Amino acid sequence: MRVRVLKTFADDTQQIHNEGEIFEIADEKAIQYKDSIEEVVRLRVKKRFIDKYTDEVNNADKVIDITPARADELKGYVEDTNKMSLRKIIFIVIGVIGVGLGAVGAALPFLPAFPFLLIAAICFGKSSDKLDTWFKNTNLYKKNLETYVKGQGMTWEAKIKVMTMVSILMAIGFTIMTIKDVIIYARITLIAVWIFHIIYFCFGVKKYDPNRPAKVKKINREKYAVV
């Protein structure tokens with residue numbers, strides 16, 4: 001049985017269990033210490049919500065330990081930790097591919113790591129708290145993406161690397177369109193996208209400044225149900 005300690009106690013082996021601690025215990029032992037513990041179940045959040053008792057924000061894929069009675073109250077917002085939707089699996093697969101390509105891009109001068117790592121960050125953020133936390137603690141993320149995500153900008157070296165690679169890919173696409181005599185509107189659209197991405201990285205993305213304060217993400221509590 002999985003239990004949470006309600007008040008600190010010492011078991012038969014004189015091991016101290018502090019208030020709030022969660023651990024596994026045999027059913028017969030649980031009866032012995034019933035006044036000091038409560039049963040909890042480990043579940044995964046499948047739909048974000050704010051806990052009406054603690055005011056804690058719980059995002060999708062977060063794993064929480066709650067009492068069976070509380071689990072019934074949160075029916076529709078939590079699920080068994082062994083369940084994983086097809087959507088999450090797809091995001092995880094894309095994220096892993098993004099990390100792989102980003103790692104290659106970090107090692108090769110002609111391939112930018114930034115777009116692939118950005119895709120990985122988005123996918124892990126939408127699918128797995130554990131993978132998201134792991135990825136954000138890697139040197140790959142910290143050296144190539146962290147400053148951009150924090151709003152501190154990008155170095156010109158990183159900007160030029162991204163713009164060069166995107167320009168090469170778009171040039172190849174434009175050449176193929178011209179050879180295949182694709183309608184002019186498609187080619188104009190491609191040129192417009194290329195111009196936009198140049199303007200965005202030159203003027204929209206700030207130049208990296210280590211002294212610029214990192215941007216703090218604000219939670220829009222109105223988008224969370226309170227349960």
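Glu79 is buried, at a relative accessible area of 16%. The cut-off for buried is under 20%, so Glu79 falls on that side of it. This is a predicted model.

**Glu79**
- Glu79 sits in strand E10, which spans residues 78-80.
- Leaving aside residues up to four places away in sequence, Glu79 touches Leu43, Arg44, Lys46 and Lys88.

**Aromatic pairs**
- The structure contains 9 aromatic pairs.
- One of them joins Phe124 and Phe135 in an edge-to-face arrangement. Their centres are 5.8 Å apart, with 70 degrees between the planes.
- Phe124 belongs to helix H4 (residues 114-127) and Phe135 to helix H5 (residues 129-136), so this pair ties together parts 11 residues apart in sequence.
- Phe124 and Phe135 are both buried.
- Trp134 and Phe135 also pair. Their ring centres are 6.4 Å apart and their planes stand at 40 degrees, so this pair is tilted.
- How exposed is Trp134, by relative accessible area? Trp134 is partly exposed, at 46%.
- Phe135 has 1% relative accessibility, so Phe135 counts as buried.
- Ring pairs also link a cluster made up of Phe114, Tyr148, Phe196, Tyr200 and Phe201.

**Helices H4 and H5**
- Two packed helices are described by the angle between their axes and the distance between the axes.
- The axes of H4 and H5 come within 6 Å, and they cross at roughly 145 degrees.
- The crossing of H4 and H5 is left-handed.
- On the H4 side, the contact is made by Leu117, Ala120, Ala121, Phe124, Gly125 and Ser127.
- On the H5 side, the contact is made by Asp129, Leu131, Asp132, Trp134 and Phe135.
- By class, the residues of the H4 and H5 contact are 7 nonpolar, 2 polar and 2 charged.
- The edge-to-face partners Phe124 and Phe135 are both among these contact residues.

**Charges over rings**
- Lys47 lies over the face of Tyr77, 4.7 Å from the ring centre.
- Arg48 lies over the face of Tyr224, 5.0 Å from the ring centre.

**Thr147**
- Thr147 is placed in helix H7, which covers residues 146-149.
- Is Thr147 buried or partly exposed? Its relative accessibility is 21%, so Thr147 counts as partly exposed.
- Setting aside residues up to four places away in sequence, Thr147 touches Gln152, Gly153 and Tyr208.
- Thr147 and Val93 are 54 residues apart along the chain, and their C-alpha atoms are separated by 25 Å.

**Positive phi**
- Most residues other than glycine have a negative phi.
- Gln14 is not a glycine, yet its phi is positive, at about 70 degrees.
- Where is Gln14 found? Gln14 is in the loop between strand E2 (9-10) and strand E3 (16-17).
- Gln14 has 60% relative accessibility, so Gln14 counts as exposed.
- Asp181 is a residue other than glycine with a positive phi, near 55 degrees.
- Asp181 is in the loop between helix H8 (156-179) and helix H9 (184-204).
- Asp181 is exposed, with a relative accessible area of 59%.

Key:
Residues numbered from 1 in each chain as written. Predicted model: local features only at pLDDT ≥ 70, side-chain atom pairs only at ≥ 80, totals over all residues. Heavy atoms only, no water. Phe/Tyr/Trp six-rings, centres within 6.5 Å; stacked < 30°, edge-to-face > 60°. Helix = DSSP H or I, 4+ residues; strand = E, 2+ residues; numbered from the N terminus. Buried < 20%, exposed > 50% of the residue type's maximum accessible area, 1.4 Å probe, protein only. Lys NZ or Arg CZ within 6 Å of the ring centre and 35° of its normal. Axes fitted to C-alpha atoms, helices over the stretch in contact; angles between N-to-C directions. Left-handed = near helix turned anticlockwise from the far one by under 90°. Contact = heavy atoms within 4.5 Å. Nonpolar A, V, L, I, M, F, W, Y, C, P; charged D, E, K, R; others polar.
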